[in-house]
Each structure stands twice: as structure tokens, then as C-alpha cells.
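Welcome! Open the structure in your viewer, and let's take a short walk along some of its charged pairs.

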Amino acid sequence: MQYPADGQSDGTATVQFPRPGFLASVFRDLGAEEEQEPGGVVAGRPSGGTAGDGPSGDGPAAGRGPTGAGPSDPDPAGPGPGPGRADHGTGHSGPAEADQDEAVAAHARAAALTHHRTRTVQAEHDRLADLLRRAALPVSAMDFESQLRHYQPRPYPADGPVAAEDSEPRWEDYAPAEPPAADPDSGPSRRLLDSGYQRELAQARLTHQRALREWRTRRAEAGSPAADESRRAHEAAEEARARAVREYNESLEECRRAYRLAEPAAVESLLERALAAAETATQDLPAPCRAVFRPLTRTAVLDLDLPPLDLVPSLTGYRLDPDGDMRPVPRPPADRATDYLRLVARLALRALQAADAVDTDEILAGVVLNGWLRDPAAAEPLCLVSVDADRDALARTRLLPPGTPYEERDDEGVYADAEQDEALVRLRQLGAAVTPDPYDRAGVQPAARAGATVPAASDLSANEFAQLVRDLLTRGGIAQWSVRLRGPAGLVATGEGAPGTALPGRWVVWASRDTASVGAEQIETLAEAVGEESAERGLRLTTGRFTEEVLDLTAEESHRHIHLIDGDGVRELAHTHLGLPLATGG
């Protein structure tokens, strides 16, 4: 009903249907179906598209006269809405108000979508934080002792505890308790007249007789052919279980003997099982690691497949501009690169820890780990991290943070600076080469490649080459080995040769992997180092060649204490002292 300004009815009845407001607009834009009400009226909208919903085919004038007055209006030309009369009966809201409502609804939809996308980005950040935590969990050593199986015989059911207690049923175990006498002086005849006691007594006798028959039946069947066959089948199954466990342990012991002999297949098998077991904490993050063992230098080369770059979120979230546009908020590129390197460092440390923990017999002299980013669009994988660590370095370095492996800080959220991240710090303490920016595809040079079965000197890492030179000269008689300088191209060391050996006295050794010929200047430098170290002899070892000038110089009396070994001599020493070949190459 519509009332005039004086508060009295003017006789005009106007029906005002609710217009689709804010919530209706939001639900409609989110794809929610409008609920159909009885009578063909959609919730929030009249069935005829009538008054109060703006212009339509059947607009406000439907069912009215030309002036829009209702059928109950006695005066179609009655007074319009004047200053003292509000326009509440027409149902029109005006174009300006409709546009304002639509703008509010659009802004609300944009705000809801912005919030939803921001929550999605936050879920990606939470997953990365969880991966960082789980990747830092310590791994269990998968050595030979932990892989041994033990046989525990299972008893035959007829010989088990139940059968041992299966004695002849006794009446005393079934007899009901006698009812207490009302008169202490009354005899047992009074209890015999108790009807309840008599019923319990009869039921107990039936139960005892049934149990007795079942027991006698089991006793009779125990010696039957079927029972004998069941026992024989059980014993055969137990014998097969014991034989399987015994054969497995024997094969494991055979692998252990092969591992102690540094056979490549046995060492690689043990390493890859340990590396696969280390991945159990992050099965949702595939990071397979393959192992290749080089018996020449007793070094394992691990190739670790790194996770894709898009695993680290590139956005902080989304924000809504004042004009209603939703804009992504990108993260600083340095922060994203740091987060990826933190994950890479944890995966690399975990692989190194697995290899170190499984080598209980100390077969490995060192480990080389290369982290490869394999992009299907790229022709070749990109090396982002490379570690060349000998056994002493692995023993001195704690591979994983102590205590809580992952700790969130209030001032930095789930992220930390690359220079302060403990995993990256410990990786660099091992002399690792780490890419400065993985998203710029800035690769590093691998310390060594696990390619050829018989490596050349150029295929070896710096630690491998140093280990090879030390093994060759130690087998030749030089003891008390002490490395003074070491780099990617070679090393300088001192050693003592026992009297009576092929290399007696104090030595200064300069070994390098040279592709160019060694000139006389290096021989003069070595001669000066021999004098400074108060040594007796000097040894210049190279995988390349010496010039004719060097050969003439060492033939002179002043330089006869300088000895030369070229690439052919290195390969001959490797075959003589180590029994292993070294391929030709720089």
C-alpha cells in the first residue's frame, strides 16, 4: 500500500518486487543457478519482468492504463509525486542508481576473485615451504647390515599356544556356582530344591558334553591323513621361506664382497638404492639421482635431476587497483632465484649424505655431484650446481642443519637470504660451484662428467686427479704426502721417499693436466721450489708433452735432480701400479 504525505491511504495499491541486488549479482556471476520458485517466479525476480526491474518488454505499464495507473486507481490522472509525496509505488530505481549497484557488484566480484587467486599463490608458497622442510630431513643409511633379512619360523596352528592349552575339558570348569544357603544350618538338600540352580546345572552339563565331544573329534582328526598333509604343506612353506631368506642374504653377502673389491656394478647398485631411499620424504618432488663409479680414482659421480624452475612461485599475490582492475604482484627475481637455490642445496646435501652414510667400508675416496636442469625445449641439460668433495671434506662437513631442519623467521616469512641459508653455506664450504641465477640460465662447469667407462685425465675432477697422482706416487714409494696447492688444472705437493725405494729422499711434485707442451720456464720454477723446500729432487708430471728444450735442460748436470713424467708415462704408471687403464686425452 502507498500512503500520501498526510499518512492516509490514497487507494492506490502497488506491488513492489525485489530487485537483484549485490548478493544476487555475485551469485549470478559465479555461475550459480537461480532458484525457481513455485508459480514460475524466479527467486529475486518476478516472472513477468514487471515493475521495479527496469525497462523490459512487459515493463511497468503491463496491466495498467496508458498513464501506468493500476486498475484500482480511481483517478488515472491523479496527482503525481510532489514535494510531499515519495515515489515508492512505481518500483523504478532510476538509471543512476542501477549503474551504481552494478558498479558495486562488479567491484565485489573483482575483490572476491583477487582474494581467491591470492590464496592460490599462498598455497604454492606453503607447498614450497613444506618441500624445503622435508628435503632437509636426515636419511637412513642403506648399508648392507640394514638390508639383511631375518627368518622367523611360524609354528603350525595345531602346535601353537591354543593347541597346548587344548586339554580335555573338565567338569570343574563348567559347573555353576552353588547358590548361597538362606539358613547357614540348612543342608545341601535345600540347594537342590532351587529351580534356578537346577537350570544352570543342566545347561552346564550340556555345554561340558558338547565341548568334550568336540575335543574328542579334534583328537581323532589329529592323526588323519588330511591333518598330516596340512602339516607337511606348512613345513614345506616354511622351508621355502627360510631358503628364500638364506639365498637373499647370500646374494647380499656376495654383493658386499664385490663392493669391498670396488667392482663398479656393486658400488653403483648400493649407491642408487641409498639415493632412492633418500627420496621417500619428497616423493611428490621427483629428483632422481644416478651414480657412476670410477674405480681408477675410487670416486662416485652423481647426476641429480633438479626440479623445474616453475616450482617456485613467481608472484606474491594479486591486488585490486582503485579502478577495479586486478593486477599480479610479482616477486623480486633475486628472491625467487634464492628460493630455488635453497631447494637445490637441500637436495644436493641429501644426496651427498646418502652416499656418505652408505659407504661404511670406506670404498669411496670422493664424490662428485652435478645438478642438471633438464628442459624438454633445450637441446642439452644445464648444470646449475657441481660439487667435488673428497672423503675428508665430507667427514668434516655436517651435511644437514642440526636440530630443526627448517625454521620460519618472522621477519622473512618462509624465505631467507642466500648468503644466510645454512644449506647453501655448507654447500659452498665444500667448494661447490653454484649458478648465480638459475632463471637466467647461467650454468656452471661440471667438476667431472660420468660419461666414458674408461676416463681420460681431462674427464677427471680436480680431486680425482689429485687422488690419482697421490695413488701413483704412493705406490711408487713416496710417503708422507702433503698437498701445498691444488686447483682445477693440477697440484703442488711434497713427499718423502724411504731409502732403498725407487724414489728416495724428499720430493717436490708438480702435476698438471696440460693440453699444451710444458716449457723450460716451468722447469726453472720447479727447480727454485726444490731449493726453497730443502728437497732433494723435483718431479714434473703432466698428461701432455714436454718440449725439446725441456728435455735438453734436464739432461744438464744442474737440472738432473728434476725428473719428468709425460702423458704416456702417467698411463703406464696407472696400468702398472693400479691395474686400471687411463684413456688418452688432454
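Start by selecting Glu254, which is partly exposed at a relative accessible area of 45% (buried means under 20%, exposed over 50% and partly exposed in between, with a 1.4 Å probe and protein chains only). Before going on, note that this is a predicted model, where local features need pLDDT of at least 70, side-chain atom pairs count only at pLDDT 80 or more, and totals for chains, interfaces and linings use all residues. Residues are numbered from 1 along each chain as its sequence is written, and side-chain values use heavy atoms, leaving out hydrogens and water.

Next, select Arg260 and Asp361, whose side chains form a salt bridge at 3.4 Å, N to O. Arg260 belongs to helix α7 and Asp361 to the loop between α9 (333-358) and β7 (366-373), so the pair ties together parts 101 residues apart in sequence.

For the last pair, pick Glu533 and Arg506, joined by a salt bridge of 3.4 Å, N to O. Finish with Asp130, Arg133, Arg134 and Asp284, which salt bridges with shared partners join into one network. How many salt bridges does the count come to? The count is 29.

Note on methods: Salt bridge = Lys/Arg side-chain N within 4 Å of Asp/Glu carboxyl O. Helix = DSSP H or I, 4+ residues; strand = E, 2+ residues; numbered from the N terminus.
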